[in-house]
Amino acid sequence: MAVDRLMVVSAHAADFCIRAGGVIAKHSNSGTAVRVLVLSLGARGESNELWRARGGRTTEVAVSEVRRQEALAAALILGAETVFLDYPDQPLTLDRERMMRIVREIRSFRPSHVLTHPQQEPYNPDHAAACRAALDAVYYAQLDGVEPDLPVISPPQVLMFEPSQPLAEATEFNPNTFIDITDVMDQKMRAVGEFKTQPYHVDRYRSRAVSRATQAAYVAADPEIRFAEAFQRCTPWVGRLLP
């Protein structure tokens, strides 16, 4: 199934870039429409370095604006459109109104594929909340009686990207889809570098891409794969032939 329109449901400002920036860049570069839905800017729990640098003498509004500008700069490098829902983080909670806003975004954009967080994330509960919100919203967006002023969508393919820590025993994240991002790795890392509030992401996710490439290169018997991103398919594949 070809990727026609790609939506990424990101818990916080940086998640879409560090975990799926390569895939976003590859599809955007090939002309695919990509929209990133940022549920929360992560001003409370994702910006510790900025709070410390300012000695606690700042506000959530001020930190949020820094995070917004970082995300916009990263998305521009990757070629993605960005929609900010501005929900508070830590905890990220979804009531009916917030959920329906996500449903409306999905119905308006009509993605063929959705990327989001894993279902289990003990190291960051906001990520699991974002996954549950994405899965529920995709389901609701297919129901005629939910937000009926917008047309229902066809079921998109849903894939989950990297958790904070790639420990299957803690997260049950077992990737079964690897994407070679060697040709866009520099583009991804330039985007990751825009998140000055989280400078450790540069080395962390370069190393992660190397590790995933080792797996991908072995599976594909292709030593030319030097950087890769890993995903776990959430939606069963249905087709007339094997994909």
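**Notebook: loops, a helix pair and a buried helix**

I began with R110, which sits in the loop between α4 and β4. I am working with a predicted model, so I keep that in mind throughout. R110 has a positive phi of about 60°, although it is not a glycine. I noted this because most residues other than glycine have a negative phi.

Next I went to another loop, the one between β3 (81–84) and α4, where I found P91. Q90 lies in that loop between β3 and α4 too. The peptide bond from Q90 to P91 is cis, with omega near 10°.

Then I turned to a pair of helices. How are α1 and α7 arranged? Helix α1 (residues 15–29) packs with helix α7 (residues 185–192) at an angle of about 130°, and their axes are 9 Å apart. That angle makes α1 oblique to α7. I also checked the handedness, and the crossing of α1 and α7 is right-handed. On the α1 side, the contact is made by C17, I18, R19, G21, G22, A25 and N29. On the α7 side, I listed Q187, K188, A191 and V192. Sorted by kind, the residues of this contact are five nonpolar, four polar and two charged.

My next entry is about helix α5 (residues 125–140). I tested its length: at 1.5 Å a residue, its 16 residues should span 22 Å, and the end C-alpha atoms are 22 Å apart, so the two agree. Which residues of α5 are buried? I wrote down D126, H127, A130, C131, A133, A134, L135, A137 and V138. I like to remember here that an α-helix has 3.6 residues a turn, so residues three or four places apart point the same way. The buried residues of α5 are covered by elements including β1 (5–10), α1, α4 (96–109), β4 (113–116) and β5 (157–160).

Last, I looked up S64, which belongs to helix α3 (residues 60–78). Its relative accessible area is 15%, so S64 is buried, the cut-off being under 20%. What does S64 touch, leaving out residues up to four places away in sequence? I found L41 and A43.

Notes
Residues are numbered from 1 along each chain as its sequence is written. This is a predicted model: local features need pLDDT of at least 70, side-chain atom pairs count only at pLDDT 80 or more; totals for chains, interfaces and linings use all residues. Side-chain values use heavy atoms; hydrogens and water are left out. Axes are lines fitted to C-alpha atoms, for helices over the stretch in contact, and angles run from 0 to 180 degrees between N-to-C directions. Helices (H or I, at least four residues) and strands (E, at least two) are DSSP runs, numbered from the N terminus. Angles under 35 degrees count as roughly parallel, over 145 as roughly antiparallel, 65 to 115 as roughly perpendicular and the rest as oblique. A crossing is left-handed if the near helix is turned anticlockwise from the far one by less than a right angle, and right-handed if clockwise. Contact means heavy atoms within 4.5 Å. Ala, Val, Leu, Ile, Met, Phe, Trp, Tyr, Cys and Pro count as nonpolar, Asp, Glu, Lys and Arg as charged, and the others, Gly among them, as polar. Buried means under 20% relative accessible area, exposed over 50%, partly exposed in between (1.4 Å probe, protein chains only). The expected span of a helix is 1.5 Å times one less than its number of residues.
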